[in-house]
Amino acid sequence: MGIMGDSLDKAAANTFTRPVPKSATAQMKFLVKQEKGSTRAVAQLLGVSQRTVERYLKGQLKQPRPELAARLFGEVRKRWQPKVRARARQRAAATGGIVIETRARFGYTAAPGTSDDGRLRLITQFLPPAYAARLFEAQSSGATEQQLQSIAAEGLQEIYFKDRGRRAHDLMVEFTDIDYVELDY
C-alpha cells in the first residue's frame, strides 16, 4: 500500500483497546484461530511450511526471521480487533471526522494574476465526517493510492484553502511530493 493507505491503517491501529500479541507463538495462535484451526491456511498466508507453523504453536520455534516476523505482525495487525476498528471508523464517518497532518507540495490552478507555483507546506487540518467516510469507502473498495490522495486533496482544498467556500472559489489544489501524512480519528 502507499503512504495514504498506510496512514489509514496506522490510524486504525491507534484505536485498539488491547495491544497486539508480541510473541511469535501468540501471534501464530491468533492467526490459526482466525483461520478456524487451519495451520495450512496460515502457512500459505505467511509463505512458510505447515510444519513451521506447527512448531511455533508448540513453542519449539520462538524467534522468526526478520522478514517472517514482519509478515506475521502485519497479518495479525490486519485482523486484530475488527469490531473496535469498525466502530472507530463508523464514529469518524458519522460524527467525528478525521485530522490530517501532512507536509507536501501544494500547487494551484487559480484565477489569472495569481501565483500557481507549488510550495512545501506543513498543514494540520480537521476534515469533516463526509471526507472521512469517502476515504474509508475508497480504501475498503480497493482504491489506488492516487485516488486516496485526490480525496484528501479535495478535502484540504475545500476546508483549508477555500475556507468552506468563503474564498478562492476558482482555486484547484494539487497535492504532490508528499513528505509524510499522518491521520487520526
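**Cores and a helix pair**

Analyst: In this predicted model, Tyr185 touches Leu8, Ala11, Ala12, Thr15, Ala88, Arg89, Ala92, Gly97, Ile98 and Phe136, leaving aside residues up to four places away in sequence.

User: Which residues touch the most other members of the largest nonpolar core?

Analyst: They are Ile98, Phe106, Phe175, Leu183 and Tyr185, in a core of 32 residues. Two or more residues each come from α1 (3–13), α6 (82–96), β1 (98–109), β2 (119–127), α7 (129–140), α8 (145–161) and β3 (172–184). The largest share, 7 residues, is that of α8. Another core, of 18 residues, lies apart from this one and includes Ala24, Val42, Val48 and Val76.

User: Why are α2 and α3 called roughly perpendicular?

Analyst: Helix α2 (residues 24–34) and helix α3 (residues 39–46) pack at an angle of about 115 degrees, with axes 8 Å apart. Angles of 65 to 115 degrees count as roughly perpendicular, and α2 and α3 are therefore given that description. The crossing of α2 past α3 is right-handed.

User: What makes up the contact between α2 and α3?

Analyst: Helix α2 contributes Met28, Leu31 and Val32, while α3 contributes Thr39, Val42, Leu45 and Leu46.

Conventions
Residues are numbered from 1 along each chain as its sequence is written. This is a predicted model: local features need pLDDT of at least 70, side-chain atom pairs count only at pLDDT 80 or more; totals for chains, interfaces and linings use all residues. Side-chain values use heavy atoms; hydrogens and water are left out. A nonpolar core is a set of buried Ala, Val, Leu, Ile, Met, Phe, Trp, Tyr and Cys residues joined through side-chain atoms within 4.5 Å. Buried means under 20% relative accessible area, exposed over 50%, partly exposed in between (1.4 Å probe, protein chains only). Helices (H or I, at least four residues) and strands (E, at least two) are DSSP runs, numbered from the N terminus. Contact means heavy atoms within 4.5 Å. Axes are lines fitted to C-alpha atoms, for helices over the stretch in contact, and angles run from 0 to 180 degrees between N-to-C directions. Angles under 35 degrees count as roughly parallel, over 145 as roughly antiparallel, 65 to 115 as roughly perpendicular and the rest as oblique. A crossing is left-handed if the near helix is turned anticlockwise from the far one by less than a right angle, and right-handed if clockwise.
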